[in-house]
Amino acid sequence: MSTQAPATMEIETVPSEPKPESNPLPPKPKFEPLKAHEMSDGRVQFRKVSVPPHRYSPLKKYWMDIYTPVYEQMKIDIRMNLKARKVELKTRQDTPDISNLQKCADFVQAFMLGFDVPDAIALLRLDELYVESFEIKDVKTLRGEHLSRAIGRLSGKGGKTKFAIENATKTRIVIADTKIHILGSFANIKIARDSLCSLILGSPAGKVYSKLRQVSARLAERF
């Protein structure tokens, strides 16, 4: 047997000449971003918000506080139609974003439900806020004195219970007769709603407070 190592093969590479590009791509087109009125083919978009009779006086009193951010900052036209008893909103040529119209409609609607202007105006500033409404009868069917006591439990003495839930969950709550409206983010509304439902079902306020303390401590840890 021979002990010689097998001969290695030598490969010589010849650099290939670059081929000319047969079909070069055309330059990428540059389009200007569409304006808000162009997205809807130049059509003016409307929203109408009904005004309940008991909100006439507050609307008249705070009209300039509502009008100024809607007209000057969101660039949406707003007017009060006295005949139809509605607040009418419409887009303009210089409206920067089409979603501003719906934000303004939500803001006006929140005011009609009973929220203060400084609270409702947060709907214009933040995207993740919304209003959720439910009735006491959706949770439990109560009548007469039982219903009155449930509404009293929700508010507490001098509104103490309602304020405690608002501060712990970073929400705003309006109790209008048997209807309850909550303004806040999705997770916070859920916590506030669970607390209110416990009170409607008959839980003592102390038990709800202690549960709220645990939940708010957990929320603080998360953030």
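This is a predicted model: local features need pLDDT of at least 70, side-chain atom pairs count only at pLDDT 80 or more; totals for chains, interfaces and linings use all residues.

Author: What follows covers some helices, then the strands.

Reader: How do the axes of H8 and H9 cross?

Author: Helix H8 (residues 145–155) and helix H9 (residues 160–169) have axes that come within 4 Å and cross at roughly 50°. Helices are DSSP runs of H or I with at least four residues, strands are E runs of at least two, and both are numbered from the N terminus. Axes are lines fitted to C-alpha atoms, for helices over the stretch in contact, and angles run from 0 to 180 degrees between N-to-C directions.

Reader: What does that make H8 relative to H9?

Author: That makes H8 oblique to H9. Under 35 degrees counts as roughly parallel, over 145 as roughly antiparallel, 65 to 115 as roughly perpendicular, and the rest as oblique.

Reader: Which residues make the contact?

Author: From H8, Arg153, Leu154 and Ser155; from H9, Lys160, Thr161 and Lys162. Contact means heavy atoms within 4.5 Å.

Reader: Which residues are buried in H9?

Author: Thr161, Lys162, Ile165, Glu166 and Thr169 are buried in H9. Buried means under 20% relative accessible area, exposed over 50%, and partly exposed in between (1.4 Å probe, protein chains only).

Reader: Where do the buried residues fall around the axis of H9?

Author: Within an arc of 135° seen down the axis of H9, so they line one face of the helix. The arc is that of the directions from the helix axis to the C-beta atoms. Lys160 and Asn167, on the other side of H9, are exposed.

Reader: And H8, which residues are buried there?

Author: Leu147, Ala150 and Leu154 are buried in H8. Their arc around the axis is only 60°, which puts them on the same side of H8.

Reader: What do the buried residues of H8 pack against?

Author: Helix H7 (136–139), H9, S5, S6 and helix H10 (186–200).

Reader: Switching to strands. What order does the sheet of 3 strands have?

Author: The order is S4-S6-S5, in an open sheet with antiparallel pairing. Strand S4 (130–135) and S5 stand at the edges with a single partner strand each, so one side of each has no neighbour in the sheet. From one strand to the next, the twist averages 15°.

Reader: How many bridges join S5 to S6?

Author: 5 bridges join S5 (residues 172–176) to S6 (residues 179–184). Two strands pair if DSSP finds at least two bridges between them. Ile173 has Ile182 in S6 as its bridge partner.

Reader: What about the hairpin of S5 and S6?

Author: The hairpin has 2 residues between the strands, and Asp177 in the turn has a positive phi of about 60°.

Reader: How many bridges for S4 and S6?

Author: S4 and S6 pair over 6 bridges, in the antiparallel sense. Ser133 has His181 in S6 as its bridge partner.

Reader: Which helix packs on the sheet?

Author: H10 packs on the sheet and touches S4, S5 and S6. The direction of H10 makes about 150° with that of S6.

Note on methods
Residues are numbered from 1 along each chain as its sequence is written. Side-chain values use heavy atoms; hydrogens and water are left out.
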